[in-house]
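Trainee: I would like to learn how to read the packing of a helix. Where do we start?

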Amino acid sequence: MPGSAKLDACVCAADEAPVTSEQLGDDALTHDAITADFRIAQRKRGHRYSLDDVATAYQATEATPGDVSHYLDLGCGIGSVLLMVAWRLPSLKLFGVEAQP
């Protein structure tokens, strides 16, 4: 990916080929299931999605009233909570904002 910023994480469908280190840079990567349909390639070092993200996504989906059409995640990091909410509530329009590159 010449000329582009180095990514911290990448999401792909569970049936797609995993992202390679060449695509994300030289750091070692892991390919972890984030939902039944998606896997996330993330660096072994640095921010990673965790059980906290799973609990936050669960609480967000359980607390969402039925008439909500949009979801905003401020400070979404690598977007793991946003992706899990999107998977659980596919009819919503979701937006994530992260200030740090």
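Mentor: With contact, which means heavy atoms within 4.5 Å. Burial comes next: buried is under 20% relative accessible area, exposed over 50%, partly exposed in between (1.4 Å probe, protein chains only). Helices (H or I, at least four residues) and strands (E, at least two) are DSSP runs, numbered from the N terminus. This is a predicted model: local features need pLDDT of at least 70, side-chain atom pairs count only at pLDDT 80 or more, and totals for chains, interfaces and linings use all residues. Residues are numbered from 1 along each chain as its sequence is written, and side-chain values use heavy atoms, without hydrogens and water.

Trainee: Which residues of helix 2 are buried?

Mentor: D53, A57, A60 and T61. They lie on the same side of helix 2, because they cover an arc of only 95° around the axis (taken from the directions from the helix axis to the C-beta atoms). The face turned away carries the exposed L51, D52, Q59 and A63.

Trainee: What covers the buried residues of helix 2?

Mentor: The cover includes strand 4 (70-74) and helix 3 (80-88).

Trainee: How are two packed helices described?

Mentor: By the angle between their axes and the distance between the axes. Axes are lines fitted to C-alpha atoms, for helices over the stretch in contact; angles run from 0 to 180 degrees between N-to-C directions. Here helix 2 and helix 3 pack at about 40°, with axes 9 Å apart. On the helix 3 side, the contact is made by S80, V81, M84, V85 and R88.
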